[in-house]
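Please read these comments alongside the sequence and the coordinates.

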Amino acid sequence: MKTFLLLILCSCCIVSCSDTDNTTSVEPEVSMEDPMNDEESNDDSSDVTILPDVSNVGGVDQQVEDLPDWDLVWEEQFDTNLTAWTAWDSGAFNNEFQKYTPSNVVLENGYLYLQEKRETVTGFTNPFDPTIETFEFTSGRIETNETYSPENLEEGTKLRMSARILLPEGDGLWPAFWSFSDPWPTNGEIDVMEYRGNNTQQYSTNFFYGSTEGQPDTDPGQTTTFINSGGNITTEFHVFEVIWSENELEIFFDSELVHTFTEAEWGLVDDFYNRFQRITLNMAVGGDFFSDNLNPDNIPDEAFTVVDWVRVYKQ
Ligand SMILES: [Ca+2]
């Protein structure tokens, strides 16, 4: 368990670990293109993918009206474009198997599809390391261009970040809904949802903070919390949320409070209360989040994490 939890720590050190090791300033190889437009993406694959129809998939669908005490700050329904987001075009960290490609970020019928594919491509090792690496999988990752913080909201002291997500099943799949900003972890990180596709019964939530770049003061062995979903989490959409206030991070699953990280219990929660974070949606493949027993042959050739909407509220 200890090893496992330390690996989770690594999983979240996605920017600063690399950044610290590289003195050369390299702009992240990210795409500002509209990922809907496959013709202009620099994808290495020309395969036409049939996206699964999720219009009849059920699940909790919280409405803005369901939260009358909250003021909507921003909403993404994935109906039109992805101009509010930046898609990655590189590898990542944590010994993950995938290269993120913008063409794996697709909008259709009001849904965001983060697509995982088994395909051999080459690309930058990560956004801060232009060394060319060969990857056996591709997937998708986007981050909001806007950053959000509770303390600095006008007339607000709490921030609520919500997303409605249909998770996939399959060995080695690692979708996540989280927020952070560089330099990690000095602005904190909130992992609203991280999920392993080989265990459809649970997901995990976590937070990180450290006053020094690259050095978390939080102990993931203490902070990582597993949420039991009460059934197969992949059969319908679920709403994942955090309410971020000065002394608490309240984690919600389908509108039910399932965990609270308190300043009193954990410390460090209030240290990044006034910081700004980008909302991130991604699906990693393999890497340190999984045990050494993960057999790449068992990873699906194709899988999708589907997101219906993302919302930010203040109170
Ligand atoms: Ca939608």
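1. The protein chain has an average pLDDT of 87, and 85% of the residues score at least 70.

2. Two stretches call for caution. Over residues 1-29 the pLDDT is below 50, although the model gives this stretch 53 contacts beyond near neighbours in sequence. Residues 31-44 also have a pLDDT below 50, with 27 contacts beyond near neighbours in sequence. Where pLDDT is low, the predicted coordinates should not be read in detail.

3. Strand E14 covers residues 238-244, and seven of its seven residues are buried, so the rest of the structure largely encloses this strand. In a regular strand, side chains alternate between the two faces of the sheet. Both faces of E14 are covered. His 238, Phe 240, Val 242 and Trp 244 are buried on one side, while Val 239, Glu 241 and Ile 243 are buried on the other.

4. One partner of E14 is strand E9, residues 159-166; the two run antiparallel and are joined by seven bridges. Within this pairing, Ala 163 has Phe 240 of E14 as its bridge partner. Phe 240 is also among the buried residues listed above.

5. E14 is also joined to strand E15, residues 248-253, by five bridges, again in an antiparallel arrangement. Here Glu 241 stands opposite Phe 252 of E15. Three residues lie between E14 and E15, and the two strands form a hairpin.

Technical notes. Residues are numbered from 1 along each chain as its sequence is written. This is a predicted model: local features need pLDDT of at least 70, side-chain atom pairs count only at pLDDT 80 or more; totals for chains, interfaces and linings use all residues. pLDDT is the predictor's confidence in each residue, from 0 to 100. Two residues are in contact if their C-beta atoms, placed from the backbone, lie within 7 Å. A residue is buried if 20 or more other C-beta atoms lie within 10 Å of its own, exposed if 12 or fewer, and partly exposed in between; C-beta atoms are placed from the backbone. Helices (H or I, at least four residues) and strands (E, at least two) are DSSP runs, numbered from the N terminus. Two strands pair if DSSP finds at least two bridges between them.
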